[in-house]
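Please look over the sequence and the model first.

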Amino acid sequence: MKISLKLIPLLMTAVILASCSGIGIAEKEVTVGGKNFTEQYLLSEMTAFLLVEEGFKVNQMNNLGSSVVRSALENGQVDLMWEYTGTALMTYMGEEPIIDPGEAFEKVKEIDSEKEIHWMNMSNVNNTYALAMRAEQAEELGIESISDLAEYINENPGELSMASDAEFANRADGIPGLQETYGFEFGSTQINQMDIGLTQRALDNEQVEVSVAFETDATIKSYNLIVLEDDQEFFPPYRAAVSINQDILDEYPEIEDITAILAERLDSSIMRELNYRVDIDGESVSVVAYEWLRDNGLVEE
């Protein structure tokens with residue numbers, strides 16, 4: 001059966017409503033949570049599609065702030081969600097950053113087990129901080145990594161400027177720590193502080209040569225930017241993984257295999273493309289999520 005893309009959101013609603021009525025009552029029911037930005041909408045929607053495909057009734061609680069959805073997970077209003085290892089480790093748990101992705105994952109898994117929250121299926125989607133440059137200029141200057149950038153700045157002091165939000169410009173795991181690790185320094189007048197949403201635009205407008213970014217930002221593709229390789233692994237990993245209440249996993253252990261499909265196939269590059277389709281091309285989250293699953297043979301037409 002071929003599904004009209006325009007009907008996808010209606011079909012999702014219909015599945016939920018049908019299972020609430022006396023028609024085809026679903027025996028399995030879960031609530032998937034999500035934060036209030038595009039990447040999270042997509043992860044939540046793709047997870048919902050896969051679970052519905054396996055006979056679950058799925059409720060979604062999206063568009064929530066980090067602390068709100070985390071509280072909802074802890075108190076059982078949300079059963080599972082895609083969370084980031086760095087966010088959990090440093091924001092929720094108050095721990096120091098861990099650079100190795102596997103070690104960070106095991107640490108949050110260990111700490112959250114005390115709250116009966118289980119972590120599983122860490123993906124290669126890494127929504128961490130990054131430094132971006134215009135692709136054409138970076139190629140012209142021979143800069144591919146942050147070490148290359150540091151070398152260029154040291155040899156050409158005062159030539160390059162950077163766009164940053166105030167938080168990244170001043171915190172230890174932002175510019176100060178970055179400069180210390182890589183052995184370079186922007187001059188005080190070379191760091192232009194602005195809202196995080198404006199930094200890549202300033203780069204695109206050639207107001208600056210370097211910008212803070214997030215690795216999965218849609219604007220990286222939109223503005224033809226490149227992400228500089230963090231070759232000394234300064235930025236801690238923010239890998240997307242599934243966190244789920246242990247009692248729900250005990251009741252529905254198949255959820256681990258269902259969500260593993262996404263963890264195994266998604267990475268930062270794919271996520272950036274999907275974010276681009278929503279944020280830049282204006283496509284709906286449901287359509288983008290469904291089409292990617294369909295094109296990868298994960299749902300039937």
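## Helices on the sheet

Helix α4 (residues 85-92) lies across β1, β3 (80-84) and β4, and runs at about 80° to β3. Helices (H or I, at least four residues) and strands (E, at least two) are DSSP runs, numbered from the N terminus. Contact means heavy atoms within 4.5 Å. Axes are lines fitted to C-alpha atoms, for helices over the stretch in contact, and angles run from 0 to 180 degrees between N-to-C directions. Helix α5 (residues 101-113) also packs on the sheet, where it touches β4 and β10 (240-245). The direction of α5 makes about 160° with that of β4.

The model is predicted: local features need pLDDT of at least 70 and side-chain atom pairs count only at pLDDT 80 or more, while totals for chains, interfaces and linings use all residues. Residues are numbered from 1 along each chain as its sequence is written, and side-chain values use heavy atoms, with hydrogens and water left out.

## How α4 is enclosed

Of the 8 residues of α4, 6 are buried, so this helix is largely enclosed by the rest of the structure. Buried means under 20% relative accessible area, exposed over 50%, and partly exposed in between (1.4 Å probe, protein chains only). The buried residues are Thr85, Gly86, Thr87, Ala88, Leu89 and Met90. Their cover includes β1, β3, α5 and β4. Just after α4, Gly94 takes a positive phi of about 65°.

## The sheet itself

The open sheet has 5 strands in the order β2-β1-β3-β10-β4, with mixed pairing. Two strands pair if DSSP finds at least two bridges between them. β2 (56-64) and β4 (117-120) are the edge strands, each with a single partner, so one side of each has no neighbour in the sheet. From one strand to the next, the twist averages 30°.

Strand β1 (residues 28-35) and β2 run parallel and are joined by 7 bridges. Gly33 stands opposite Met61 in β2.

## Two packed helices

Two packed helices are described by the angle between their axes and the distance between the axes. For helix α14 (residues 268-279) and helix α15 (residues 285-295), the angle is about 145° and the axes are 9 Å apart. The contact is made by Ile270, Leu274, Arg277 and Val278 of α14 and by Val285, Val288, Glu291 and Trp292 of α15. By class, it has 6 nonpolar, no polar and 2 charged residues. Ala, Val, Leu, Ile, Met, Phe, Trp, Tyr, Cys and Pro count as nonpolar, Asp, Glu, Lys and Arg as charged, and the others, Gly among them, as polar.

Glu273 is found in α14. Glu273 is partly exposed, with a relative accessible area of 39%. The C-alpha atoms of Glu273 and Leu43 are separated by 13 Å, although these residues are 230 residues apart along the chain.

Most residues other than glycine have a negative phi. Glu206, which is not a glycine, has a positive phi of about 65°. Glu206 lies in the loop between α10 (199-204) and β8 (210-214), and counts as exposed at 57% relative accessibility.

Asn224, also not a glycine, has a positive phi of about 55°. Asn224 lies in the loop between α11 (218-222) and β9 (225-227), and is exposed, with a relative accessible area of 52%.

## Aromatic pairs

The whole structure has 9 aromatic pairs. Rings of Phe, Tyr and Trp (its six-membered ring) pair if their centres lie within 6.5 Å; planes under 30 degrees apart count as stacked, over 60 as edge-to-face and the rest as tilted. Phe37 and Tyr84 form a stacked pair, at 6.3 Å centre to centre and 20° between the planes. Phe37 lies in the loop between β1 and α2 (38-53) and Tyr84 in strand β3, so the pair ties together parts that are 47 residues apart in sequence. Phe37 is partly exposed, at 29% relative accessible area, whereas Tyr84 is buried, at 3%.

Tyr129 and Phe168 form a tilted pair, at 4.7 Å centre to centre and 40° between the planes. Tyr129 is in strand β5 (residues 129-134) and Phe168 in helix α8 (residues 166-170), 39 residues apart. Both are buried, with relative accessible areas of 11% for Tyr129 and 0% for Phe168. Tyr129, Phe168, Phe214, Phe234 and Phe235 form one aromatic cluster.
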